[in-house]
Amino acid sequence: MTIWAKITLWFSALMIVIFAIMFSLIFVINRYVLYTDVKETLQTAVDSNTEEVEYTDDFESEDVEPGDHYILYGDGYLEIDDDFVQERRGVYTVLMDQKGRIIYGKPPVDIPLSDSEGVQIQMVGGEKYYVYHVRLTGENLKGLVLQGFVNEDASETILGRMVELTLLIVPVLVLTAIIGGYILAGTFLRPIREMTITAESINDGADLSRRIELKKGRDDLHQLAYSFNRMMDRLERAFENQRHFTSDVSHELRTPVSAILAQTELTLARDRTPEEYKKDLQLIQRQGGYMKRLVNGMLQYSRLERMEMLSEKEEVDLSQLVEMVSEEQMLNSQKGITLSYEAEPGLVIRGNTEMLIRLLTNLISNGYQYGKENGSIHVSLYKEDDRICIRVRDDGIGMEAHETDQIFHRFYQADAARSSQKHSMGLGLSMVAEIARLHHAEILVESEKGRGSEFLVIFKKN
Ligand code: ADP
(Lines give C-alpha, C1' and ligand atoms only; values in the text may rest on other atoms or scores of the structure.)
Protein backbone atom coordinates (compact mmCIF):
# COMPACT_ATOMS: atom_id res chain seq x y z
CA MET A 1 0.00 0.00 0.00
CA THR A 2 1.39 3.44 -0.90
CA ILE A 3 1.99 6.07 1.78
CA TRP A 4 -0.65 8.12 0.04
CA ALA A 5 -3.30 5.42 0.49
CA LYS A 6 -2.17 4.86 4.08
CA ILE A 7 -2.43 8.53 5.01
CA THR A 8 -5.85 8.80 3.32
CA LEU A 9 -7.04 5.73 5.18
CA TRP A 10 -5.74 6.85 8.56
CA PHE A 11 -7.05 10.36 8.09
CA SER A 12 -10.50 9.11 7.09
CA ALA A 13 -10.61 6.61 9.96
CA LEU A 14 -9.66 9.33 12.41
CA MET A 15 -12.28 11.69 11.03
CA ILE A 16 -14.95 8.96 11.23
CA VAL A 17 -14.06 8.28 14.88
CA ILE A 18 -14.19 12.02 15.63
CA PHE A 19 -17.59 12.30 13.90
CA ALA A 20 -18.90 9.29 15.81
CA ILE A 21 -17.80 10.69 19.16
CA MET A 22 -19.17 14.11 18.26
CA PHE A 23 -22.58 12.78 17.20
CA SER A 24 -22.88 10.51 20.23
CA LEU A 25 -22.17 13.46 22.49
CA ILE A 26 -24.69 15.65 20.68
CA PHE A 27 -27.23 12.83 20.86
CA VAL A 28 -26.78 12.32 24.60
CA ILE A 29 -26.91 16.05 25.33
CA ASN A 30 -30.00 16.53 23.17
CA ARG A 31 -31.71 13.62 24.77
CA TYR A 32 -31.08 15.09 28.18
CA VAL A 33 -32.20 18.56 27.12
CA LEU A 34 -35.34 17.21 25.44
CA TYR A 35 -36.24 15.06 28.43
CA THR A 36 -35.87 18.02 30.81
CA ASP A 37 -37.84 20.19 28.42
CA VAL A 38 -40.73 17.71 28.20
CA LYS A 39 -40.83 17.34 31.98
CA GLU A 40 -40.87 21.08 32.41
CA THR A 41 -43.68 21.58 29.87
CA LEU A 42 -45.69 18.86 31.59
CA GLN A 43 -45.22 20.34 35.04
CA THR A 44 -45.99 23.90 33.92
CA ALA A 45 -49.13 22.79 32.09
CA VAL A 46 -50.51 20.87 35.05
CA ASP A 47 -49.46 23.47 37.65
CA SER A 48 -51.17 26.29 35.76
CA ASN A 49 -54.33 24.19 35.35
CA THR A 50 -54.62 23.85 39.14
CA GLU A 51 -55.49 27.55 39.22
CA GLU A 52 -58.43 26.97 36.91
CA VAL A 53 -60.43 24.59 39.13
CA GLU A 54 -62.67 26.11 41.81
CA TYR A 55 -65.53 24.96 44.03
CA THR A 56 -68.74 26.87 44.61
CA ASP A 57 -71.92 25.99 46.55
CA ASP A 58 -73.50 29.38 46.18
CA PHE A 59 -74.43 29.23 42.54
CA GLU A 60 -76.62 31.80 40.84
CA SER A 61 -77.54 31.41 37.20
CA GLU A 62 -76.50 34.99 36.44
CA ASP A 63 -72.97 34.16 37.65
CA VAL A 64 -72.50 31.67 34.87
CA GLU A 65 -69.62 32.67 32.71
CA PRO A 66 -69.73 31.56 29.11
CA GLY A 67 -67.01 29.02 28.30
CA ASP A 68 -66.64 27.81 31.89
CA HIS A 69 -67.74 24.31 32.81
CA TYR A 70 -69.81 23.46 35.84
CA ILE A 71 -69.83 19.97 37.25
CA LEU A 72 -71.94 18.79 40.15
CA TYR A 73 -69.69 17.94 43.02
CA GLY A 74 -70.57 17.24 46.61
CA ASP A 75 -73.04 19.85 47.74
CA GLY A 76 -72.06 22.34 45.08
CA TYR A 77 -70.36 22.67 41.76
CA LEU A 78 -66.89 22.50 40.40
CA GLU A 79 -66.17 25.45 38.19
CA ILE A 80 -63.62 24.74 35.48
CA ASP A 81 -62.40 27.95 33.99
CA ASP A 82 -62.21 28.21 30.21
CA ASP A 83 -58.43 28.82 30.63
CA PHE A 84 -58.06 25.19 31.69
CA VAL A 85 -55.96 23.59 28.95
CA GLN A 86 -56.89 19.99 28.23
CA GLU A 87 -54.19 19.47 25.64
CA ARG A 88 -51.24 21.43 24.36
CA ARG A 89 -48.16 20.13 22.48
CA GLY A 90 -49.11 16.54 23.34
CA VAL A 91 -49.52 17.30 27.05
CA TYR A 92 -52.97 16.22 28.39
CA THR A 93 -54.48 17.21 31.72
CA VAL A 94 -57.48 15.48 33.33
CA LEU A 95 -59.27 16.07 36.57
CA MET A 96 -59.85 12.94 38.67
CA ASP A 97 -61.42 12.09 41.97
CA GLN A 98 -59.40 10.23 44.56
CA LYS A 99 -60.42 6.87 43.10
CA GLY A 100 -59.03 7.77 39.74
CA ARG A 101 -62.36 8.33 38.01
CA ILE A 102 -62.23 11.06 35.42
CA ILE A 103 -64.34 14.08 36.30
CA TYR A 104 -63.22 16.37 33.54
CA GLY A 105 -61.16 15.90 30.34
CA LYS A 106 -61.11 13.48 27.42
CA PRO A 107 -57.76 11.79 27.43
CA PRO A 108 -56.78 9.52 24.53
CA VAL A 109 -55.69 6.87 27.04
CA ASP A 110 -56.60 6.05 30.59
CA ILE A 111 -53.65 6.21 32.86
CA PRO A 112 -54.17 4.86 36.36
CA LEU A 113 -53.77 7.21 39.26
CA SER A 114 -50.67 6.79 41.39
CA ASP A 115 -49.49 8.25 44.67
CA SER A 116 -46.08 9.14 43.40
CA GLU A 117 -44.67 12.63 43.57
CA GLY A 118 -43.00 14.42 40.67
CA VAL A 119 -42.80 13.25 37.10
CA GLN A 120 -42.92 9.46 36.66
CA ILE A 121 -42.58 7.16 33.74
CA GLN A 122 -45.50 4.76 33.28
CA MET A 123 -46.08 2.10 30.64
CA VAL A 124 -49.65 2.03 29.30
CA GLY A 125 -50.67 -0.21 26.43
CA GLY A 126 -47.05 -0.82 25.55
CA GLU A 127 -46.26 2.91 25.31
CA LYS A 128 -44.20 5.05 27.58
CA TYR A 129 -45.70 8.12 29.25
CA TYR A 130 -44.34 10.82 31.49
CA VAL A 131 -47.03 11.25 34.16
CA TYR A 132 -47.39 14.00 36.75
CA HIS A 133 -50.00 14.19 39.49
CA VAL A 134 -50.99 17.24 41.52
CA ARG A 135 -53.40 16.93 44.43
CA LEU A 136 -55.66 19.95 44.73
CA THR A 137 -55.53 21.58 48.11
CA GLY A 138 -58.16 24.36 47.84
CA GLU A 139 -61.21 24.46 50.10
CA ASN A 140 -63.62 21.61 49.27
CA LEU A 141 -61.23 20.42 46.60
CA LYS A 142 -59.38 17.89 48.72
CA GLY A 143 -59.35 14.46 47.18
CA LEU A 144 -59.28 15.87 43.65
CA VAL A 145 -56.25 15.18 41.53
CA LEU A 146 -55.00 16.74 38.33
CA GLN A 147 -53.24 14.19 36.19
CA GLY A 148 -50.99 15.37 33.38
CA PHE A 149 -49.23 13.10 30.96
CA VAL A 150 -47.36 13.19 27.73
CA ASN A 151 -46.36 10.40 25.42
CA GLU A 152 -42.63 9.87 25.35
CA ASP A 153 -42.91 9.92 21.56
CA ALA A 154 -42.98 13.70 21.65
CA SER A 155 -39.29 13.76 22.58
CA GLU A 156 -38.39 10.51 20.89
CA THR A 157 -39.67 11.76 17.56
CA ILE A 158 -37.37 14.73 17.67
CA LEU A 159 -34.44 12.50 18.62
CA GLY A 160 -35.46 10.04 15.92
CA ARG A 161 -35.40 12.81 13.33
CA MET A 162 -32.01 13.84 14.57
CA VAL A 163 -30.69 10.31 14.15
CA GLU A 164 -32.20 10.13 10.67
CA LEU A 165 -30.57 13.39 9.74
CA THR A 166 -27.28 12.21 11.19
CA LEU A 167 -27.46 9.01 9.17
CA LEU A 168 -27.93 11.13 6.08
CA ILE A 169 -25.15 13.57 6.92
CA VAL A 170 -22.55 11.04 8.13
CA PRO A 171 -21.95 9.39 4.74
CA VAL A 172 -21.50 12.84 3.20
CA LEU A 173 -19.05 13.80 5.93
CA VAL A 174 -17.17 10.51 5.64
CA LEU A 175 -16.94 10.97 1.90
CA THR A 176 -15.69 14.52 2.42
CA ALA A 177 -13.12 13.20 4.91
CA ILE A 178 -11.89 10.60 2.42
CA ILE A 179 -11.69 13.07 -0.47
CA GLY A 180 -10.13 15.71 1.80
CA GLY A 181 -7.59 13.18 3.10
CA TYR A 182 -6.80 12.08 -0.42
CA ILE A 183 -6.24 15.65 -1.65
CA LEU A 184 -4.27 16.67 1.46
CA ALA A 185 -2.04 13.60 1.35
CA GLY A 186 -1.55 14.19 -2.37
CA THR A 187 -0.44 17.77 -1.77
CA PHE A 188 1.96 16.86 1.01
CA LEU A 189 3.40 13.92 -0.86
CA ARG A 190 3.82 15.63 -4.23
CA PRO A 191 7.60 16.09 -3.77
CA ILE A 192 7.93 12.37 -2.97
CA ARG A 193 5.93 11.45 -6.08
CA GLU A 194 8.05 13.76 -8.18
CA MET A 195 11.16 12.27 -6.63
CA THR A 196 10.00 8.77 -7.49
CA ILE A 197 9.16 9.76 -11.06
CA THR A 198 12.49 11.54 -11.45
CA ALA A 199 14.39 8.63 -9.94
CA GLU A 200 12.51 6.22 -12.21
CA SER A 201 13.16 8.28 -15.31
CA ILE A 202 16.84 8.54 -14.40
CA ASN A 203 16.86 4.81 -13.98
CA ASP A 204 15.06 4.14 -17.26
CA GLY A 205 16.77 6.64 -19.50
CA ALA A 206 20.00 7.14 -17.53
CA ASP A 207 19.39 10.89 -17.83
CA LEU A 208 21.39 12.22 -14.91
CA SER A 209 20.55 15.84 -15.69
CA ARG A 210 16.94 15.49 -14.49
CA ARG A 211 16.04 17.21 -11.24
CA ILE A 212 12.99 17.49 -9.01
CA GLU A 213 11.25 20.78 -9.64
CA LEU A 214 11.36 22.64 -6.35
CA LYS A 215 8.38 24.75 -5.42
CA LYS A 216 8.37 27.24 -2.58
CA GLY A 217 8.39 25.70 0.87
CA ARG A 218 10.77 24.75 3.61
CA ASP A 219 9.27 21.59 5.03
CA ASP A 220 11.01 18.24 5.44
CA LEU A 221 9.94 16.93 2.05
CA HIS A 222 11.26 20.01 0.26
CA GLN A 223 14.48 19.54 2.20
CA LEU A 224 14.57 15.93 1.02
CA ALA A 225 13.93 16.99 -2.59
CA TYR A 226 16.68 19.59 -2.28
CA SER A 227 19.12 17.00 -0.90
CA PHE A 228 18.11 14.61 -3.67
CA ASN A 229 18.89 17.28 -6.28
CA ARG A 230 22.23 18.03 -4.68
CA MET A 231 23.06 14.35 -4.62
CA MET A 232 22.15 14.16 -8.31
CA ASP A 233 24.39 17.19 -9.03
CA ARG A 234 27.25 15.39 -7.44
CA LEU A 235 26.52 12.09 -9.14
CA GLU A 236 26.19 13.78 -12.50
CA ARG A 237 29.48 15.61 -11.99
CA ALA A 238 31.25 12.43 -10.92
CA PHE A 239 29.76 10.54 -13.83
CA GLU A 240 30.68 13.27 -16.33
CA ASN A 241 34.19 13.40 -14.89
CA GLN A 242 34.49 9.68 -15.21
CA ARG A 243 33.23 9.75 -18.77
CA HIS A 244 35.59 12.53 -19.82
CA PHE A 245 38.43 10.90 -18.01
CA THR A 246 37.86 7.57 -19.71
CA SER A 247 37.65 9.21 -23.11
CA ASP A 248 40.73 11.37 -22.43
CA VAL A 249 42.68 8.38 -21.19
CA SER A 250 41.71 6.17 -24.12
CA HIS A 251 42.67 8.98 -26.44
CA GLU A 252 46.04 9.38 -24.71
CA LEU A 253 46.70 5.64 -24.63
CA ARG A 254 45.96 5.27 -28.31
CA THR A 255 49.11 7.14 -29.33
CA PRO A 256 51.66 4.91 -27.52
CA VAL A 257 49.70 1.74 -28.32
CA SER A 258 49.60 2.64 -32.04
CA ALA A 259 53.28 3.54 -31.89
CA ILE A 260 54.13 0.16 -30.33
CA LEU A 261 52.04 -1.75 -32.87
CA ALA A 262 53.46 0.19 -35.81
CA GLN A 263 56.96 -0.27 -34.51
CA THR A 264 56.61 -4.03 -33.99
CA GLU A 265 55.04 -4.42 -37.44
CA LEU A 266 57.85 -2.50 -39.02
CA THR A 267 60.49 -4.44 -37.10
CA LEU A 268 58.97 -7.82 -37.95
CA ALA A 269 58.56 -6.98 -41.64
CA ARG A 270 62.09 -8.20 -42.37
CA ASP A 271 65.13 -9.59 -40.59
CA ARG A 272 67.25 -7.01 -38.81
CA THR A 273 70.64 -6.76 -37.22
CA PRO A 274 70.90 -7.07 -33.43
CA GLU A 275 71.61 -3.31 -33.23
CA GLU A 276 68.46 -2.51 -35.15
CA TYR A 277 66.43 -4.82 -32.89
CA LYS A 278 67.92 -3.12 -29.85
CA LYS A 279 67.01 0.32 -31.17
CA ASP A 280 63.45 -0.75 -31.99
CA LEU A 281 63.00 -2.37 -28.58
CA GLN A 282 64.20 0.83 -26.90
CA LEU A 283 61.56 2.74 -28.83
CA ILE A 284 58.91 0.29 -27.66
CA GLN A 285 60.24 0.52 -24.10
CA ARG A 286 59.92 4.30 -24.17
CA GLN A 287 56.31 4.06 -25.23
CA GLY A 288 55.72 1.40 -22.57
CA GLY A 289 57.24 3.73 -19.96
CA TYR A 290 54.94 6.49 -21.07
CA MET A 291 51.96 4.17 -20.75
CA LYS A 292 53.07 3.18 -17.27
CA ARG A 293 53.21 6.81 -16.15
CA LEU A 294 49.84 7.41 -17.71
CA VAL A 295 48.34 4.50 -15.79
CA ASN A 296 49.95 5.77 -12.57
CA GLY A 297 48.49 9.21 -13.21
CA MET A 298 45.10 7.66 -13.77
CA LEU A 299 45.34 5.77 -10.50
CA GLN A 300 46.18 8.94 -8.63
CA TYR A 301 43.28 10.68 -10.28
CA SER A 302 40.77 8.00 -9.41
CA ARG A 303 42.11 8.00 -5.87
CA LEU A 304 41.28 11.69 -5.76
CA GLU A 305 37.73 10.98 -6.85
CA ARG A 306 37.37 8.29 -4.23
CA MET A 307 38.55 10.76 -1.62
CA GLU A 308 35.97 13.24 -2.84
CA MET A 309 33.29 10.61 -2.40
CA LEU A 310 34.43 9.97 1.15
CA SER A 311 34.82 13.70 1.87
CA GLU A 312 37.45 13.08 4.49
CA LYS A 313 37.85 16.59 5.82
CA GLU A 314 39.66 17.64 8.95
CA GLU A 315 41.47 20.62 10.47
CA VAL A 316 44.69 21.02 8.50
CA ASP A 317 47.55 23.16 9.73
CA LEU A 318 48.66 24.66 6.42
CA SER A 319 51.72 26.28 8.03
CA GLN A 320 53.10 22.89 9.08
CA LEU A 321 52.06 21.35 5.75
CA VAL A 322 53.91 23.99 3.67
CA GLU A 323 57.01 23.55 5.79
CA MET A 324 56.92 19.77 5.56
CA VAL A 325 56.33 19.58 1.79
CA SER A 326 58.92 22.27 1.02
CA GLU A 327 61.57 20.56 3.18
CA GLU A 328 60.82 17.28 1.46
CA GLN A 329 60.95 18.78 -2.03
CA MET A 330 64.31 20.43 -1.30
CA LEU A 331 65.78 16.94 -1.14
CA ASN A 332 64.77 16.27 -4.76
CA SER A 333 66.54 19.37 -5.95
CA GLN A 334 67.09 19.28 -9.71
CA LYS A 335 69.03 21.46 -12.12
CA GLY A 336 70.68 23.30 -9.24
CA ILE A 337 67.39 25.06 -8.46
CA THR A 338 67.07 26.55 -4.96
CA LEU A 339 63.78 26.17 -3.13
CA SER A 340 62.93 28.58 -0.34
CA TYR A 341 59.76 29.06 1.68
CA GLU A 342 58.16 31.26 4.30
CA ALA A 343 54.98 30.33 6.14
CA GLU A 344 52.98 32.44 8.59
CA PRO A 345 52.45 30.20 11.61
CA GLY A 346 49.12 28.79 12.79
CA LEU A 347 47.10 29.06 9.56
CA VAL A 348 44.47 26.33 9.68
CA ILE A 349 41.73 25.36 7.23
CA ARG A 350 39.24 22.51 6.99
CA GLY A 351 40.34 20.14 4.29
CA ASN A 352 41.95 16.89 3.32
CA THR A 353 45.63 16.64 4.24
CA GLU A 354 46.51 14.11 1.57
CA MET A 355 44.91 16.18 -1.19
CA LEU A 356 46.56 19.40 0.01
CA ILE A 357 50.01 17.72 0.08
CA ARG A 358 49.42 16.60 -3.52
CA LEU A 359 48.38 20.12 -4.54
CA LEU A 360 51.54 21.69 -3.16
CA THR A 361 53.81 18.88 -4.35
CA ASN A 362 52.47 19.19 -7.90
CA LEU A 363 53.00 22.96 -7.96
CA ILE A 364 56.55 22.71 -6.60
CA SER A 365 57.56 19.82 -8.86
CA ASN A 366 56.28 21.80 -11.87
CA GLY A 367 58.52 24.62 -10.68
CA TYR A 368 61.47 22.24 -10.86
CA GLN A 369 60.33 20.69 -14.12
CA TYR A 370 59.82 23.98 -15.93
CA GLY A 371 62.60 25.83 -14.08
CA LYS A 372 65.90 27.03 -15.52
CA GLU A 373 69.31 25.72 -14.51
CA ASN A 374 70.33 27.26 -11.15
CA GLY A 375 67.03 29.05 -10.93
CA SER A 376 64.83 29.44 -7.83
CA ILE A 377 61.43 28.51 -6.51
CA HIS A 378 59.78 30.39 -3.67
CA VAL A 379 56.80 29.10 -1.70
CA SER A 380 54.90 31.42 0.62
CA LEU A 381 51.88 31.00 2.87
CA TYR A 382 50.16 34.08 4.26
CA LYS A 383 46.86 35.49 5.38
CA GLU A 384 45.24 38.38 3.59
CA ASP A 385 42.00 39.78 5.03
CA ASP A 386 39.97 36.65 5.68
CA ARG A 387 41.68 34.57 3.04
CA ILE A 388 44.63 32.24 3.26
CA CYS A 389 46.95 32.13 0.24
CA ILE A 390 49.63 29.74 -0.94
CA ARG A 391 51.91 31.16 -3.60
CA VAL A 392 54.47 29.16 -5.61
CA ARG A 393 56.73 31.28 -7.79
CA ASP A 394 59.53 30.23 -10.12
CA ASP A 395 61.81 31.96 -12.57
CA GLY A 396 61.61 29.18 -15.13
CA ILE A 397 60.56 28.93 -18.77
CA GLY A 398 57.13 30.46 -18.23
CA MET A 399 54.23 30.27 -20.66
CA GLU A 400 52.51 32.21 -23.38
CA ALA A 401 49.46 34.13 -22.14
CA HIS A 402 47.02 31.94 -24.09
CA GLU A 403 48.43 28.78 -22.52
CA THR A 404 47.57 29.77 -18.97
CA ASP A 405 43.90 29.21 -19.76
CA GLN A 406 44.54 25.66 -20.91
CA ILE A 407 47.00 24.24 -18.43
CA PHE A 408 44.34 23.11 -15.92
CA HIS A 409 42.71 20.88 -18.51
CA ARG A 410 43.53 17.21 -18.33
CA PHE A 411 46.40 16.08 -20.57
CA TYR A 412 47.09 19.61 -21.70
CA GLN A 413 50.77 20.30 -22.23
CA ALA A 414 52.31 23.37 -23.71
CA ASP A 415 54.27 22.49 -26.84
CA ALA A 416 57.54 23.49 -25.27
CA ALA A 417 56.87 21.24 -22.31
CA ARG A 418 55.75 18.35 -24.48
CA SER A 419 58.89 18.43 -26.55
CA SER A 420 61.33 19.10 -23.74
CA GLN A 421 59.85 17.12 -20.81
CA LYS A 422 59.82 13.39 -21.26
CA HIS A 423 58.00 12.73 -18.00
CA SER A 424 55.21 15.20 -18.35
CA MET A 425 51.72 13.84 -18.59
CA GLY A 426 49.45 16.86 -18.43
CA LEU A 427 47.60 15.56 -15.36
CA GLY A 428 49.31 17.41 -12.50
CA LEU A 429 47.58 20.79 -12.79
CA SER A 430 44.17 19.33 -13.53
CA MET A 431 44.50 17.51 -10.22
CA VAL A 432 45.56 20.76 -8.53
CA ALA A 433 42.47 22.47 -9.96
CA GLU A 434 40.20 19.65 -8.80
CA ILE A 435 41.66 19.70 -5.29
CA ALA A 436 41.24 23.49 -5.14
CA ARG A 437 37.61 23.14 -6.24
CA LEU A 438 36.94 20.54 -3.55
CA HIS A 439 38.30 23.00 -0.98
CA HIS A 440 36.26 25.88 -2.43
CA ALA A 441 39.55 27.57 -3.22
CA GLU A 442 40.36 29.78 -6.17
CA ILE A 443 43.46 29.26 -8.25
CA LEU A 444 45.17 31.97 -10.27
CA VAL A 445 48.21 31.84 -12.52
CA GLU A 446 50.46 34.55 -13.85
CA SER A 447 53.23 33.70 -16.23
CA GLU A 448 55.56 35.28 -18.73
CA LYS A 449 57.35 33.37 -21.43
CA GLY A 450 61.02 33.05 -20.53
CA ARG A 451 60.69 34.82 -17.15
CA GLY A 452 58.79 32.45 -14.91
CA SER A 453 55.39 31.64 -13.47
CA GLU A 454 53.44 32.26 -10.30
CA PHE A 455 50.58 30.08 -9.03
CA LEU A 456 48.29 31.44 -6.31
CA VAL A 457 45.80 29.28 -4.41
CA ILE A 458 43.31 31.28 -2.33
CA PHE A 459 41.35 29.56 0.44
CA LYS A 460 38.37 31.45 1.73
CA LYS A 461 38.38 31.38 5.51
CA ASN A 462 36.04 28.73 6.89
P1 ADP B 1 52.70 18.09 -16.86
O2 ADP B 1 53.58 18.88 -16.00
O3 ADP B 1 52.69 16.64 -16.56
O4 ADP B 1 52.80 18.40 -18.30
P5 ADP B 1 50.70 19.69 -15.65
O6 ADP B 1 49.22 19.59 -15.64
O7 ADP B 1 51.38 19.76 -14.34
O8 ADP B 1 51.22 18.53 -16.51
O9 ADP B 1 51.02 21.00 -16.45
C10 ADP B 1 50.38 21.27 -17.67
C11 ADP B 1 51.22 22.18 -18.50
O12 ADP B 1 51.30 23.47 -17.89
C13 ADP B 1 52.63 21.76 -18.61
O14 ADP B 1 52.80 20.88 -19.69
C15 ADP B 1 53.38 23.04 -18.84
O16 ADP B 1 53.34 23.39 -20.23
C17 ADP B 1 52.56 24.06 -18.11
N18 ADP B 1 53.17 24.38 -16.81
C19 ADP B 1 52.80 23.91 -15.61
N20 ADP B 1 53.52 24.43 -14.62
C21 ADP B 1 54.39 25.29 -15.19
C22 ADP B 1 55.43 26.16 -14.69
N23 ADP B 1 55.71 26.25 -13.40
N24 ADP B 1 56.09 26.92 -15.60
C25 ADP B 1 55.81 26.83 -16.90
N26 ADP B 1 54.85 26.03 -17.44
C27 ADP B 1 54.16 25.26 -16.59
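Start by selecting D58. It sits in the loop between strand 1 (53-56) and strand 2 (69-73). Keep in mind that this is a predicted model. Is D58 buried or exposed? D58 counts as exposed, because its relative accessibility is 54% and the cut-off for exposed is over 50%.

**Salt bridges**

Next, look for paired charges. Side chains of opposite charge can pair when their charged atoms come close. How many salt bridges does a search of the whole structure find? The search finds twelve. Here are some stops among them.

Select D233 and R211. Their side chains meet in a salt bridge, with 2.7 Å from N to O. D233 belongs to helix 3 (residues 220-268), while R211 is in the loop between helix 2 (153-205) and helix 3, so this pair ties together parts that are 22 residues apart in sequence. Show the surface around both residues. D233 is partly exposed, at 36% relative accessibility. R211 is partly exposed as well, with a relative accessible area of 24%.

Stay in helix 3 and select R243 and E240. These two side chains also meet in a salt bridge, at 3.1 Å from N to O. How far apart are R243 and E240 along the helix? They are three residues apart in helix 3, which means that about one helical turn separates them. An α-helix has 3.6 residues a turn, so residues three or four places apart point the same way. Check the exposure of each partner. R243 is partly exposed, at 45% relative accessibility. E240 is partly exposed too, with a relative accessible area of 29%.

Move on to R272 and D280. Their side chains meet in a salt bridge of 4.0 Å, N to O. D280 counts as buried, at 9%. The cut-off for buried is under 20%.

Select S326. It lies in helix 5 (residues 318-331). S326 is buried, and its relative accessible area is 0%. Now draw a distance from the C-alpha atom of S326 to that of A20. The two atoms are separated by 80 Å, and the residues are 306 apart along the chain.

Select helix 6 next, residues 353-369. It has 17 residues. From its first C-alpha to its last it reaches 24 Å, close to the 24 Å expected at 1.5 Å a residue. Why is helix 6 described as largely enclosed? Twelve of its 17 residues are buried, so the rest of the structure largely encloses it. Color the buried ones: M355, L356, L359, L360, T361, N362, L363, I364, N366, G367, Y368 and Q369.

Finish at helix 8, residues 428-438. Eight of its eleven residues are buried, so helix 8 is largely enclosed by the rest of the structure. Color L429, S430, M431, V432, E434, I435, A436 and L438 to see the buried residues. Then step to H440, which follows helix 8.

Technical notes:
Residues are numbered from 1 along each chain as its sequence is written. This is a predicted model: local features need pLDDT of at least 70, side-chain atom pairs count only at pLDDT 80 or more; totals for chains, interfaces and linings use all residues. Side-chain values use heavy atoms; hydrogens and water are left out. Helices (H or I, at least four residues) and strands (E, at least two) are DSSP runs, numbered from the N terminus. Buried means under 20% relative accessible area, exposed over 50%, partly exposed in between (1.4 Å probe, protein chains only). The expected span of a helix is 1.5 Å times one less than its number of residues.
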